[in-house]
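Please read the sequence alongside the fold shown here, following the packing of side chains from one region to the next.

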Amino acid sequence: MGTYDFKTQPSVVIQGAMDVETEYLIGQLRDRECITLGNWTFYTGFLGAGGTPVIVSKTFQGMVNAAAATSLAMVFFAPAAVINQGIGGGHDPKLHVGDIVIGTSVAPMGAMMRPFAAAGAGIGDADFSPLGLEVFNREWGEARKLTDFSCSEALVRVAEETAEKFLSEEKQAGGTKRRIVRGVLGSADEWNNQLDRITLLRERFCTAEEDMESAATAQVCAAYGAPFLGIRILSNTIVNGEDYDERVAVIGQRFVVRFAEALAQKIDGTNIRGI
């Protein structure tokens, strides 16, 4: 495995913004090597029982950081898939701290178009529509404006299969019952604590959670045509009065390790089959 070329052979980039979202994953890597590109660090190695070749990327918080780290990974590693994971704040009242959302799509919920209002008419926070963001993909041969970014359905299915096994393992170990569900990830440089605003965002974008990175990563992946998946474990959910607990990030990373093990069965010499 030490001769594996992460620049030419298939690998999966797994991102996390903070130390708490990446330290467990980095610690689980076998044959770990650190590569620095600009201001960002990438850890190559093999993850899980199947030895899936992965690159763990610490992006730092926020949309610009996530976009920059993703762009560097695309140019340097040309990964077969990108997984953006970490903690998020809950929007869906049915979900609680420790529940996991497998993204079906990502909504850039900070991208809004507001209609004209005359001076003195006041500011209507609810008066907006989603604004399409421009994405240029060479295969398309044109730029397109998108109001959301789809996650790879094939990766979603692998994550759901992983969820069944993961929940079974937790049940056998007497662990806390949690939910792992499909949902829309909402993403922007925002941390929302106003309940009415969260309700409004959920109505407009159908969000299950919010985070500060996944939309940026998804947008760059759309430009490069790279399969993308967002996975978020809820660290807080003000809609249910549940306070912030970043310790759940380790549980989310344990789930991602199991997900990587499932992907190991699909990697061949040139790509990831079926992705």
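Leu229 touches Val82, Ile83, Asn84, Ile102, Gly103, Cys151, Leu155, Val156, Ala159 and Phe259, where residues up to four places away in sequence are not counted and contact means heavy atoms within 4.5 Å. This is a predicted model, in which local features need pLDDT of at least 70 and side-chain atom pairs count only at pLDDT 80 or more, while totals for chains, interfaces and linings use all residues. Residues are numbered from 1 along each chain as its sequence is written, and side-chain values use heavy atoms, with hydrogens and water left out.

Leu229 also belongs to the largest nonpolar core, a group of 66 residues in which Ile14, Leu47, Ile83, Leu229, Phe255 and Phe259 touch the most other members; such a core is a set of buried Ala, Val, Leu, Ile, Met, Phe, Trp, Tyr and Cys residues joined through side-chain atoms within 4.5 Å, buried meaning under 20% relative accessible area, exposed over 50% and partly exposed in between, with a 1.4 Å probe and protein chains only. The most is given to this core by helix H6 (residues 249–264), which supplies eight residues.

Thr44 lies in strand E3 (residues 40–47), helices (H or I, at least four residues) and strands (E, at least two) being DSSP runs numbered from the N terminus. With a relative accessible area of 3%, Thr44 is buried, and its contacts beyond four places in sequence include Phe6, Leu29, Val54 and Phe77.
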